[in-house]
Amino acid sequence: MATKKAAESTLYHLSPKGFWKKFRDAVVVNPEISSGLPLQGVHRFPPPASRPEKYATPATKASDPAQNPYWKRDVRRAYPQLSVVTQSGLSQLLIEHSQGTPSVAAPGEGQAEGSTAVSTTPESLELSAAISNITSSAKVYTESKLPPKLPIAFADWIPERSPDAPHDPHSYFPMKLYK
């Protein structure tokens, strides 16, 4: 004999009682279907809010007032820091980088005992003099070595005419369309 296996609707779910049971039986298409409300003690063990211990937030460096001062957390006063490059500093940077990578000797090579290595700093020139000095000695940009461009996410728009929108041939300002 074959037995029909089906979940019992009242075993794991709440079912209405009294007036609401009669109302549900009269209104619902299939009164044997489950209400969908699970019994609290059956599906969730232990039930919510039944544990005696309380949750404690673990201590971190941020929870220690001595290690977390207010001025580090105050983002309203996190002003951008300005950096200043003077013309003499810029001219020195341009001269240093135009010379290429200098070859550095290994320690002990080409040095006498007791002598110290002296780093040569370029002389301080005006910016216009430094630029003319660099461009006169070597060609800075060529067709193969172009100057840097700004990184933009979109291509330059080149206007192309599209067929005009329908308009009166004698209109004063006809609409012109571009792609």
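I looked for aromatic pairs and got four in the structure. I paired rings of Phe, Tyr and Trp (its six-membered ring) if their centres lie within 6.5 Å, with planes under 30 degrees apart counted as stacked, over 60 as edge-to-face and the rest as tilted. One of the pairs is F19 with W20, edge-to-face, at 5.1 Å centre to centre and 70 degrees between the planes. Another is Y172 with F173: the ring centres are 4.7 Å apart and the planes stand at 85 degrees, so this pair is edge-to-face too.

A note on the source: this is a predicted model, where local features need pLDDT of at least 70 and side-chain atom pairs count only at pLDDT 80 or more, while totals for chains, interfaces and linings use all residues. Residues are numbered from 1 along each chain as its sequence is written, and side-chain values use heavy atoms, with hydrogens and water left out.

Are F19 and W20 buried or exposed? I find both exposed (buried is under 20% relative accessible area, exposed over 50%, partly exposed in between, with a 1.4 Å probe and protein chains only). Y172 counts as exposed at 72% relative accessibility, and F173 is exposed with a relative accessible area of 72%. F19 and W20 also belong to one aromatic cluster with F23.

Next I checked charges over rings (NZ of Lys or CZ of Arg within 6 Å of the ring centre and within 35 degrees of the ring normal). The charged end of R161 sits over the ring of Y178, 5.5 Å from its centre.

Then the largest pocket, which holds about 230 Å³ of space. I took a pocket as an open set of points on a 1 Å grid over the protein atoms alone, with protein on both sides within 12 Å along at least five of seven lines, and lining residues as those with an atom within 4 Å of a point. The volume is the space filled by probe spheres set on the points. Twelve residues line this pocket, and S98, Q99, I134, S137 and A138 lie nearest its centre. The lining splits into five nonpolar, four polar and three charged residues.

Which helix gives the most to that lining? It is α5, with three residues (helices are DSSP runs of H or I, at least four residues, numbered from the N terminus).

Last, I went along α5 and found L127, A130 and I134 buried. They sit on the same side of α5, because they cover an arc of only 65 degrees around the axis, taken from the directions from the helix axis to the C-beta atoms. On the face turned away from that buried side I noted the exposed residues S128 and S136.

Notes:
1 Å grid on protein atoms, 1.4 Å probe; cavity = no way out; pocket = protein on both sides within 12 Å on 5 of 7 lines; lining within 4 Å. Helix = DSSP H or I, 4+ residues; strand = E, 2+ residues; numbered from the N terminus. Nonpolar A, V, L, I, M, F, W, Y, C, P; charged D, E, K, R; others polar.
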